[in-house]
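Take a walk through the side-chain contacts of this structure.

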Amino acid sequence: MDWLLDHQAEFELLVLKKFGQSVSDGLAWHSTRLLCIAGDFKKFDEHAVRQINRNIELLRYKRYGEDLILFELINASTADPIEKHDPIPVKPIKTVENKFADASLELQDRYASLEAFILNLGDDVQKHVLKHYIAFRRIRNFVTAEFNPSLKQIVLFLRLDPNLIELRPGFSRDVSKLGHHGTGDLEIIVSSDQDLERAKELIMKSYESA
């Protein structure tokens, strides 16, 4: 389940959107397990599971008519127990500030120019640094910023209707039906100074509508 522990933030976001804050806050990462459900499994599958030191269960299902379904435990693999005094290693979730610190000087300078532009839009602009993003707001957020240091990108979410914007592949896209941390339905990827200049007009529109 290393892939799951590497994507805790994304999983917590899905739980938050589906079940609410209290359930998301109650997630227990110390006992994660993988359930594989299929109509049937091969002997190789059972053998492979036994070789992996992870909590994995194979469940075979059978349908009975339209209303009944039976789940049968075929095989279970349990990870070696960890002594109580040894904490289970969990990859820490990087905050927006951590990601900014990991960014190149070029990206940091570009963000500084972006932030200066946003704050100069009006005296009513407020900046709030949250766990996963930086929010700029008037009465409500009109732009939120995240960082992708490995791709040297600033990721913006604007409160604009994507249907009213000419979308450009690699620069802007509709995320109204996609889960994300920031607020807004229009995603903007800033990878260059040219992208930053193109983004300013859209940021201005989002500010005026906030």
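Start with Arg-60, which forms a salt bridge with Asp-40; their closest N and O atoms are 3.0 Å apart. The model is a predicted one. This pair links distant parts of the chain, 20 residues apart. Arg-60 belongs to strand E2 (residues 56-64), while Asp-40 lies in the loop between strand E1 (34-38) and helix H4 (43-51). Arg-60 has 21% relative accessibility, so Arg-60 counts as partly exposed.

Arg-60 also meets Glu-72 in a salt bridge, at 3.2 Å from N to O. Here too distant parts of the chain are linked: Glu-72 is in strand E3 (residues 68-77), 12 residues from Arg-60 in strand E2. Glu-72 is partly exposed because its relative accessibility is 32%. Together, Asp-40, Arg-60 and Glu-72 are linked in a network of salt bridges.

Lys-200 pairs with Glu-197, with the closest N and O atoms 3.1 Å apart. Both residues lie in helix H7, 3 residues apart, about one turn of the helix. At a relative accessible area of 49%, Glu-197 is partly exposed. How many salt bridges does a search of the whole structure find? The search finds 10.

Now the rings. There are 4 aromatic pairs. Why is the pair of Phe-100 and Tyr-111 edge-to-face? The ring planes stand at 70°, and the cut-off for edge-to-face is over 60 degrees. The ring centres are 5.7 Å apart. Phe-100 sits in helix H5 (residues 96-102) and Tyr-111 in helix H6 (residues 105-119), 11 residues apart. Is Tyr-111 buried or exposed? Tyr-111 is buried, at 5% relative accessibility, whereas Phe-100 is partly exposed at 26%.

Phe-142 and Tyr-207 form another edge-to-face pair, with centres 5.4 Å apart and planes at 70°. The pair links strand E6 (residues 141-148), which holds Phe-142, to helix H7 (residues 193-209), which holds Tyr-207. The two residues are 65 apart in the chain, and both are buried.

Arg-138 lies over the face of Tyr-207, 4.0 Å from the ring centre. The charged end of Arg-198 is over the ring of Phe-171, at 5.0 Å from its centre.

Last, the backbone. Most residues other than glycine have a negative phi. Lys-152 has a positive value, near 55°. Lys-152 is in the loop between E6 and strand E7 (153-158). With 48% relative accessibility, Lys-152 counts as partly exposed.

Key. Residues numbered from 1 in each chain as written. Predicted model: local features only at pLDDT ≥ 70, side-chain atom pairs only at ≥ 80, totals over all residues. Heavy atoms only, no water. Phe/Tyr/Trp six-rings, centres within 6.5 Å; stacked < 30°, edge-to-face > 60°. Helix = DSSP H or I, 4+ residues; strand = E, 2+ residues; numbered from the N terminus. Buried < 20%, exposed > 50% of the residue type's maximum accessible area, 1.4 Å probe, protein only. Lys NZ or Arg CZ within 6 Å of the ring centre and 35° of its normal. Salt bridge = Lys/Arg side-chain N within 4 Å of Asp/Glu carboxyl O.
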